[in-house]
Amino acid sequence: MKENHKKLVIIAGSVVIIICIFLSLIIFVFRIDTPVVNYLRRVVHAPALIIGDTRISISDIEDNTSSIKRFYENQDFSSYGIRIDFKTDDGKKRLKVQEKKMLNKLVEDVAIEQLAKNWKITLSEEVVQSAMDRPMAEMGTRENVESNLNNLYGWTIADFGKKVVRGQLLREKVAIKFDQENTVTEAMRQKITAAKKELDNGRDFADIAMQYSEGSTANEGGVMGWFAYNQLQDEIGKKIFTMDKGTYSDIIETPIGLHIVRINDVAEENDSKIVHISQIIIKKITFADYLTQHIKNMKIKVLLSQYQWDQETAMIVFKDQALIDFEKKMDEEMKQVLEKPLNAQ
């Protein structure tokens, strides 16, 4: 009897394991879209992403993907030479690319929430509502706005506030706090001071820019090109428009870092003075870079079969090379569309 009982327990356990594996396959891997499977997803809240202590369910992902699909189906891309039919293989791949972007946006949103919590930044519902009231007053009645949101995304106004407005406002507040905390470091001052000392000792500006500058034009000797006063940051413009051709500035501090600027040439354009400049810049860390580093330090698990976490880029990426290649092709296609003259569209 005991042996039979053990066998029954083993058989029952095996059946449970098989059922669990089967359910995992249809929920996680194949993402089969039937009423029963969708009901199961919502009941068990099967996670798609685990970001630290935050779990984002598959049903949440699919709701968002459905909204993306709905939005694109309501757009006319014919003038751009693009036709999107999500029933075709090409259309399904396009939807996957948009879904991947949405997944990375969700990771970023959680990171912003974490930073806000760390810095004790809060956002009341009244502030969110006030931010929504202003554009609604410009766009028409509440009924019109809600109708448009429903047609485009299948959203209510409350959904719009939760999914879009709140995240934008919180990001702005976190970015402002970061800028307040993001002061010039002693290492930055030492580096720019060393560059200035070499300039004062007669070394060529271009050589020093190539050695010290952290700007995108460092390899070209720091050459920036021609600028009018209103094209430069106030701190730089106020200084260099009082300087003579062939001279360079003292160290100038701006919100993005420390600069030394050289006047290569001076000219007139439309009765206004313009200057040709080069610069050496020692940059502060940007908010985007800081956010990326924060995301890299987060514990992230991707449970959807077609995606994986790439620690180097701190992004969710495709596993399938075919989808990777398709995304590159799609990005190039969009780049060409954006570069195309409007009168040619």
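Predicted model: local features only at pLDDT ≥ 70, side-chain atom pairs only at ≥ 80, totals over all residues.

User: Got it. And helix 6 itself, what span should its 12 residues have?
Analyst: Helix 6 covers residues 142-153 and should span 16 Å at 1.5 Å a residue. Its end C-alpha atoms are 16 Å apart, which agrees.

User: Zooming out, how many helices and strands does the chain have?
Analyst: There are 12 helices and nine strands. The chain has 345 residues, and buried ones make up 36% of them.

User: What share of the contacts comes from residues 24 or more positions apart?
Analyst: They account for 57%, counting contacts in the chain with a separation of 6 or more.

User: OK, strands. How many residues of strand 1 are buried?
Analyst: Five of the five, so strand 1 (residues 47-51) is largely enclosed by the rest of the structure.

User: Which way do strand 1 and strand 2 run, parallel or antiparallel?
Analyst: Antiparallel, with four bridges joining strand 1 to strand 2, which is residues 54-57. One of the pairings is L49 with I56 in strand 2. The two strands form a hairpin with two residues between them. G52 sits in that turn and has a positive phi of about 60°.

User: How many bridges join strand 1 to strand 7?
Analyst: Three, and that pair runs antiparallel too. Strand 7 is residues 300-302, and K301 there stands opposite I50.

User: Where do the side chains point in a regular strand, by the way?
Analyst: As a general rule, they alternate between the two faces of the sheet.

User: New topic: salt bridges. How many are there?
Analyst: The structure holds 14. One of them joins the side chains of K96 and E99, at 3.1 Å from N to O.

User: Where do K96 and E99 lie?
Analyst: Both are in helix 4 (residues 89-118), three residues apart, or about one turn of the helix.

User: Is E99 buried or exposed?
Analyst: Buried: its relative accessibility is 2%, and the cut-off for buried is under 20%.

User: Which residue does E108 form a salt bridge with?
Analyst: With R171, and the closest N and O atoms are 2.4 Å apart. E108 lies in helix 4 and R171 in helix 7 (residues 157-181), so the pair ties together parts that are 63 residues apart in sequence. E108 counts as partly exposed at 23% relative accessibility, and R171 counts as partly exposed at 31%.

User: And what about K177, which residue does its side chain meet in a salt bridge?
Analyst: E181, at 3.2 Å from N to O. K177 and E181 are four residues apart in helix 7, so about one helical turn separates them. K177 is partly exposed, with 25% relative accessibility.

User: Which residues are linked with R94 in a network of salt bridges?
Analyst: D90 and E333.

User: You mentioned strand 5. Which side chain does N264 make a polar contact with?
Analyst: The side chain of R262, at 2.8 Å. N264 lies in strand 5. Leaving out residues up to four places away in sequence, N264 touches K245, H276, I277 and S278.

User: Last one: where is A228, and what does it touch?
Analyst: A228 is in strand 3, residues 223-228. Not counting residues up to four places away in sequence, A228 touches F241, K273 and I274. The C-alpha atoms of A228 and S272 are separated by 7.7 Å, though these residues are 44 residues apart along the chain.

Conventions. Residues numbered from 1 in each chain as written. Heavy atoms only, no water. Salt bridge = Lys/Arg side-chain N within 4 Å of Asp/Glu carboxyl O. Buried < 20%, exposed > 50% of the residue type's maximum accessible area, 1.4 Å probe, protein only. Contact = heavy atoms within 4.5 Å. Expected span 1.5 Å × (residues − 1). Pairing = 2+ DSSP bridges. Polar contact = N/O pair within 3.5 Å; in protein donor to acceptor, adjacent residues only side chain to side chain.
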